[in-house]
Amino acid sequence: MPDKGAVGAPRTRRRTWLVAALAVTLLAASSVTWFAVARAEEREDRLDANRALVARGCAGLLREDMYASAPDDVRGVLDAYGTLLRPGQESRALLDCTLAWGDGDGGTAAGVRARVRAEAVPDRTSPGSVAGDFGLPLPPSATGSTGTADRQDGGAVATASLLVDCPKGLHGRGRTTRDLLVTVELPSGADDADVYGVPKSERLAVARTAAKVTNWVSRKQGCGSEPLRTGPGAAPAKAPQLCAWLSPEGLGSTPGKWSFDGNDTAYNRRTGTCGGRWDDTAGSPGHLTVRAAGAQSWSGVLAAGAYEEYAGKALVPDPETPAAHDKALTVEQTGNDLQLALWARSECVAGPTYHRVSVTPEFDFDHGIEDGKVVLGPKDQRRLSRHVRTVLDRYLSAPDGWPTRSHCRGTKIVGEVAEWRGRD
């Protein structure tokens, strides 16, 4: 007869094994659950920390644009300084604040960065960075632009710049000035390969942030600047007569239709632009006829910046060798439009001002002395000089033109620059 104890032993071992296996399974499942819960809590903590960073960092100026996009997979980093954020700090900036998350090594939010900066401009700044289409209405005392730029680690950013007049002055490190420059960079969702594909909504967002930063700095400084709109509204009153003075009549111009696209329609105290060019499907420009003409003015801190930019390209008058028209010149084809420019300077409502007017003649290189070369005789040079001087005289005397509206006075001719004339 079999031993009952011997029969029960295997059953006991099987039950023990099943209990142990079940315990291990439950332990593993609970570990996975605990790990998942811990990971979820960790991500939630990071998200809360990043949103708190956006809310309090940079004086809260980036909250509207960055709060909703704060990630939960990387921790944010705040780099903030400037005399308005840290009084007594030795800094050239009134405000310089960068909010970033991700280090570029991976992750859905790697390399995301937003930056705002405000500074007093002591003497000059480049007009190219602030003169353009801002996207929001601006008063005559402010000029701005929006654009796009490449990030160093790839991708695109939406950018905005604003230059604002502060009549009561800006106080910080160094001497008091009245020109406030604000720059903003916000991350863009545009394709990495298409830096110019930043959508209009993102350009509007970066313009709105720049206006908001400007208003905040102006209030903190009490500098007396006009409050800027932070949303779409009624555009400034158009001034269609700003460039009505520009006409091809009397300039020895190419017969036919001219276009005047991109001319200023709203007055700005610091800068003005007018231009036109031959744009006719019938016929073709004749040799040395004027097929384009234009005028630009830069005032205050933009004046020195503009002159410096042109000087860097050797496109300002040379005081050592004034332009002479007593010798024939050989002009070589370059593939670019060659201009004859005339510079003048004035004192206007926004400060010292440079004016630059130009004409663009047509060169018939197909019928020159040899392929790609024509001779420009003294008589031709003097005729072109008369044309460019006519442009300047019309510009300065136009009743509704920029110089008259800016109350320019004491105008002096600086000199002529012919882009086809080389310098030794």
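The model is predicted: local features need pLDDT of at least 70, side-chain atom pairs count only at pLDDT 80 or more, and totals for chains, interfaces and linings use all residues. Residues are numbered from 1 along each chain as its sequence is written, and side-chain values use heavy atoms, with hydrogens and water left out.

**Disulfides**

A disulfide is a covalent bond between the sulfur atoms of two cysteines. Here the term is applied to a pair of cysteine sulfur atoms within 2.5 Å. Searching the whole structure gives four disulfides. Counting bonded cysteines along the chain, their pattern is 1-2, 3-4, 5-6, 7-8. The table lists some of them.

| Pair | S to S distance |
|---|---|
| C166 and C223 | 2.5 Å |
| C243 and C274 | 1.9 Å |
| C348 and C408 | 2.0 Å |

Take C166 and C223, whose sulfur atoms are 2.5 Å apart. This pair links distant parts of the chain, 57 residues apart: C166 is in strand β5 (residues 156–170), and C223 is in the loop between α3 (200–221) and β7 (258–259). Helices (H or I, at least four residues) and strands (E, at least two) are DSSP runs, numbered from the N terminus. Both cysteines, C166 and C223, are buried. Buried means under 20% relative accessible area, with a 1.4 Å probe and protein chains only.

Next comes the disulfide of C243 and C274. C243 sits in the loop between α3 and β7, while C274 belongs to strand β8 (residues 271–278); the two are 31 residues apart. C243 and C274 are buried. The torsion about their S-S bond is about -80°, so this disulfide is left-handed.

C348 and C408 form another disulfide. C348 lies in strand β11 (residues 340–348) and C408 in the loop between α6 (402–405) and β14 (409–418), so the pair ties together parts that are 60 residues apart in sequence. The link of C348 and C408 is right-handed, with 110° about the S-S bond. C348 is buried, at a relative accessible area of 3%.

**The cavity**

The structure has one cavity of 30 Å³ or more. A cavity is a set of points on a 1 Å grid over the protein atoms alone where a 1.4 Å probe fits but cannot get out; lining residues have an atom within 4 Å of a point. The volume of the largest cavity is about 50 Å³. Its lining includes A323, H325, L340 and W420. Both α5 (378–397) and β14 supply at least two lining residues each.

Methods. Buried < 20%, exposed > 50% of the residue type's maximum accessible area, 1.4 Å probe, protein only. 1 Å grid on protein atoms, 1.4 Å probe; cavity = no way out; pocket = protein on both sides within 12 Å on 5 of 7 lines; lining within 4 Å. Points joined across faces, edges and corners; volume = space filled by probe spheres on them.
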